[in-house]
Amino acid sequence: SIILIPVAFFFIIQGSLTFIFFLSLIFLGTSLEWFKMTKNRDLLRVFGLFFLFFSFFCTIYLRQYLGLNFFLFLIIVCIFTDIGGYIFGKIFKGPKLTKVSPKKTYSGVIGSFLISLLSGLIFIKYFGQKSKILLEIDFIFIILLILFISLVSQIGDLIISYFKRKAKLKDSGKILPGHGGILDRIDGIIFVMPITYLCVLPILIYNLDFIK
């Protein structure tokens, strides 16, 4: 993680063609993993590839249209949703959330919401002034937005876990030693981006004149 996160952030910050090149490599890797997970299920393969393509299109669009800092805000919330779930799940354990992903617990869900909320607010405090959008958004809306992003990220995690379980795979791939596949690492993000594009962006455009 110490290596992967800075590399990803480097390409995000660079933006433009460098970022598109990076996402193209990620798209290729996730597509290959999806093919492996959906063996002999052609319709599901095609649907998954279409969804991945749309997700990466949304990612590029949001990075360019909403600016670096708001985009980083989305990524930070997703990352700390995973971290919060892992930490709280390990420490507090408790009842399992679902058979789809046996390691997921209710305490992990709570931790995901709490840590993502904390990290999102800290990010806004120190970097929000560099984003006109984050400066203009009402505080209550920010809270709801962080919780919504965290929820979508967790649902995305469960959806990919479901398909891995159906394919009888522990990980989506082995390209990242100790971490599994690319889909294992960005399962929440690939759902957050299209949902932000389809649901959050229209609200921002309607309420914030300067991004129209």
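The second largest pocket holds about 160 Å³ of space. The model it belongs to is predicted. The chain around it has 9 helices and 0 strands.

**The second largest pocket**

- The residues that line the second largest pocket are Trp34, Phe47, Gly48, Phe51, Leu52, Ile159, Ile160, Phe163, Leu183, Ile190 and Phe191.
- By type, this lining divides into 10 nonpolar residues, 1 polar residue and no charged ones.
- At least two lining residues come from each of helix H3 (42-65), helix H7 (139-166) and helix H9 (189-207).
- H3 gives the largest share of the lining, with 4 residues.

**The chain as a whole**

- Read from the N terminus, the order of elements is α-α-α-α-α-α-α-α-α.
- The radius of gyration of the chain is 17 Å, which agrees with the value near 17 Å that a compact globule of 212 residues would have.
- Along its principal axes, the C-alpha trace spans about 50 × 40 × 30 Å.
- Of the 212 residues, 46% count as buried.
- The chain exposes about 11900 Å², and carbon and sulfur atoms supply 72% of that area.
- Taking contacts between residues at least 6 apart in sequence, 70% join residues that are at least 24 apart.

**Serine 55**

- Serine 55 lies in helix H3, the helix with the largest share of the pocket lining.
- Its relative accessibility is 1%, so serine 55 counts as buried, the cut-off being under 20%.
- Leaving out residues up to four places away in sequence, serine 55 touches Ile190, Met193 and Pro194. Of these, Ile190 is also one of the residues lining the second largest pocket.
- Serine 55 and tyrosine 197 are 142 residues apart in sequence, while their C-alpha atoms are 9.1 Å apart in space.

**Isoleucine 115**

- Isoleucine 115 is in helix H5 (residues 106-127).
- Is isoleucine 115 buried or partly exposed? Isoleucine 115 counts as partly exposed because its relative accessibility is 21%, and buried means under 20%.
- Setting aside residues up to four places away in sequence, the residues that isoleucine 115 touches are Phe80, Gly84 and Phe88.
- From isoleucine 115 to glycine 94 there are 21 residues in sequence and 18 Å in space, C-alpha to C-alpha.

**Residues with a positive phi**

- Serine 16 is not a glycine, yet its phi is positive, at about 55°.
- Serine 16 is placed in helix H2 (residues 16-37).
- Lysine 168, also a residue other than glycine, has a positive phi near 60°.
- Where is lysine 168 found? Lysine 168 is in the loop between H7 and helix H8 (182-186).
- Lysine 168 has a relative accessibility of 77%, so it counts as exposed, the cut-off for exposed being over 50%.

Key. Residues numbered from 1 in each chain as written. Predicted model: local features only at pLDDT ≥ 70, side-chain atom pairs only at ≥ 80, totals over all residues. Heavy atoms only, no water. 1 Å grid on protein atoms, 1.4 Å probe; cavity = no way out; pocket = protein on both sides within 12 Å on 5 of 7 lines; lining within 4 Å. Points joined across faces, edges and corners; volume = space filled by probe spheres on them. Nonpolar A, V, L, I, M, F, W, Y, C, P; charged D, E, K, R; others polar. Rg over C-alpha atoms; globule rule 2.2 N^0.38 Å. Buried < 20%, exposed > 50% of the residue type's maximum accessible area, 1.4 Å probe, protein only. Contact = heavy atoms within 4.5 Å. Areas by Shrake-Rupley, 256 points an atom, 1.4 Å probe, with all protein chains shown as cover.
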